[in-house]
Amino acid sequence: MAKAKRSVKFMCQECGYESPKWMGKCPNCGAWNQMVEMLEPTKKGRSSFTHTDEAAAAVPITKITSDNEPRFLTQMPELNRVLGGGVVQGSMVLVGGDPGIGKSTLLLQVSAQLTTTGKRVLYISGEESVKQTKLRAERLLVTGDNLYVYAETNLEAIQQTIQHVKPDFVIIDSIQTVYHPDVTSAAGSVSQVRECTAELMRIAKGGNIAVFIVGHVTKEGAIAGPRMLEHMVDTVLYFEGERHHAYRILRAVKNRFGSTNEIGIFEMRDIGLVEVANPSEVFLEERLDGASGSTVVVSMEGTRPILVEIQALISPTMFGNAKRMATGMDHNKVSLIMAVLEKRVGLLLQNQDAYLKAAGGVKLDEPAIDLAVAVSIASSYNDKPTKSTDCFIGEIGLTGEIRRVSRIEQRVQEAAKLGFKRIFIPANNQGEWKIPKDVSIIGVTTLGDALSKALPK
């Protein structure tokens with residue numbers, strides 16, 4: 001009897017779109033030359049995972065008992081805050097970041113810390129052998145009888161090991177190296193990542209095991225694989241930082257058990273990652289007094305205020321078109337603020353090259369940095385420094401007005417702690433809140449008003 005012919009389909013490796021025929025351009029995401037031929041599995045598809053083994057039933061929301069999810073604290077308060085207060089039992093956490101940024105180092109250190117509480121941790125590596133993981137653990141001073149290391153990429157073998165070891169925590173390094181033998185595509189493909197993640201999710205929810213998975217990133221900075229990967233997990237953490245800087249930022253962009261946009265700051269040393277307790281002092285410790293083009297802003301990263309120095313260098317262009325470059329902030333934001341300065345304040349910037357930078361490798365993306373960026377540009381253009389004890393907070397509108405920002409009291413208190421005496425804020429933010437001692441609050445309504453007070457003639 002002849003075997004049944006297996007059907008063929010084509011799948012986009014960028015977004016997971018399926019088509020019965022090959023196409024040069026994916027109609028879903030627009031990527032070129034990403035359609036790959038795949039064979040349909042001969043057996044019936046696997047059922048989706050459920051959070052419990054019992055049959056689910058619809059229940060009125062008023063009849064559901066709400067219990068606080070048990071959390072396990074690591075010895076890293078920075079990580080605990082980013083996770084929303086600790087690791088939730090039965091959760092699935094995705095950690096992404098550039099190669100060499102410190103993802104494996106962080107998770108190996110966390111593994112050792114969790115074992116000190118009597119919990120059992122299974123570290124599964126698909127990129128290193130057991131001996132290589134041991135060498136890295138010795139360098140990081142990581143040890144413990146409850147820390148199990150396993151080098152495997154076959155998902156079925158990983159499932160058997162989890163059933164045998166019965167860990168409380170599982171770490172997969174990385175999801176792009178794991179493959180399911182029933183899926184015909186290569187490891188790291190869209191279908192493999194999707195199937196393996198769904199199976200690991202079933203293990204996490206069914207066995208009440210906290211699972212950390214490491215995800216590779218693309219050259220654009222997004223986690224490789226289908227976007228569905230980020231939707232399936234409970235928490236998504238991005239490990240960021242310049243490779244030439246020692247500081248790393250762990251940022252939560254999705255968290256079902258806590259606040260998003262929280263960050264934790266670490267420093268990479270020979271013994272691994274060490275927490276930075278006061279990042280504002282770190283970002284300002286090398287600031288020069290009396291330098292033009294330098295301002296300080298209080299940026300909110302989640303619930304945490306951080307003081308960052310913004311530097312601007314304005315110089316006459318040598319070519320027909322002026323150059324605009326920005327590091328650590330949005331390039332379009334810089335162009336918009338320069339347009340407002342030229343139109344509303346009268347600075348002739350169209351024939352000036354502009355180079356802006358957020359010192360320390362941090363990335364700023366909130367509206368409250370607008371005023372500090374504008375003052376730094378004007379300071380460099382006029383070659384006139386601001387006072388070293390000045391701090392600027394505020395959003396700039398297209399008509400030149402200074403708009404209110406959130407959490408102004410928390411921002412001002414953080415600036416006062418580090419010795420700033422004059423703090424420029426939107427006039428609409430002045431109200432019934434406590435002003436720190438020996439601090440002068442200057443409310444401004446327009447950009448011209450702020451520049452005349454910060455850079456007097």
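Ser104 is found in helix 2 of this predicted model. With a relative accessible area of 18%, Ser104 is buried, because buried means under 20%. Beyond its neighbours within four places in sequence, Ser104 is in contact with Tyr123, Arg136 and Asp173.

Asp98 lies in the loop between strand 6 (92-97) and helix 2 (103-115). Its relative accessibility is 36%, so Asp98 counts as partly exposed. When residues up to four places away in sequence are not counted, Asp98 touches Lys103, Val217 and Phe239.

| Residue | Relative accessible area | Class |
|---|---|---|
| Asp98 | 36% | partly exposed |
| Ser104 | 18% | buried |

A separate topic is the packing of two helices. Two packed helices are described by the angle between their axes and the distance between the axes. Helix 4 (residues 155-165) packs with helix 5 (residues 190-207) at an angle of about 10°, and their axes are 11 Å apart. Helix 4 and helix 5 are therefore roughly parallel to each other, since angles under 35 degrees count as roughly parallel. On the side of helix 4, the contact is made by Leu155, Gln159 and Ile162. Helix 5 contributes Cys196, Glu199, Leu200, Arg202 and Ile203. Sorted by class, the contact of helix 4 with helix 5 has five nonpolar residues, one polar residue and two charged residues.

Key. Residues are numbered from 1 along each chain as its sequence is written. This is a predicted model: local features need pLDDT of at least 70, side-chain atom pairs count only at pLDDT 80 or more; totals for chains, interfaces and linings use all residues. Side-chain values use heavy atoms; hydrogens and water are left out. Axes are lines fitted to C-alpha atoms, for helices over the stretch in contact, and angles run from 0 to 180 degrees between N-to-C directions. Helices (H or I, at least four residues) and strands (E, at least two) are DSSP runs, numbered from the N terminus. Angles under 35 degrees count as roughly parallel, over 145 as roughly antiparallel, 65 to 115 as roughly perpendicular and the rest as oblique. Contact means heavy atoms within 4.5 Å. Ala, Val, Leu, Ile, Met, Phe, Trp, Tyr, Cys and Pro count as nonpolar, Asp, Glu, Lys and Arg as charged, and the others, Gly among them, as polar. Buried means under 20% relative accessible area, exposed over 50%, partly exposed in between (1.4 Å probe, protein chains only).
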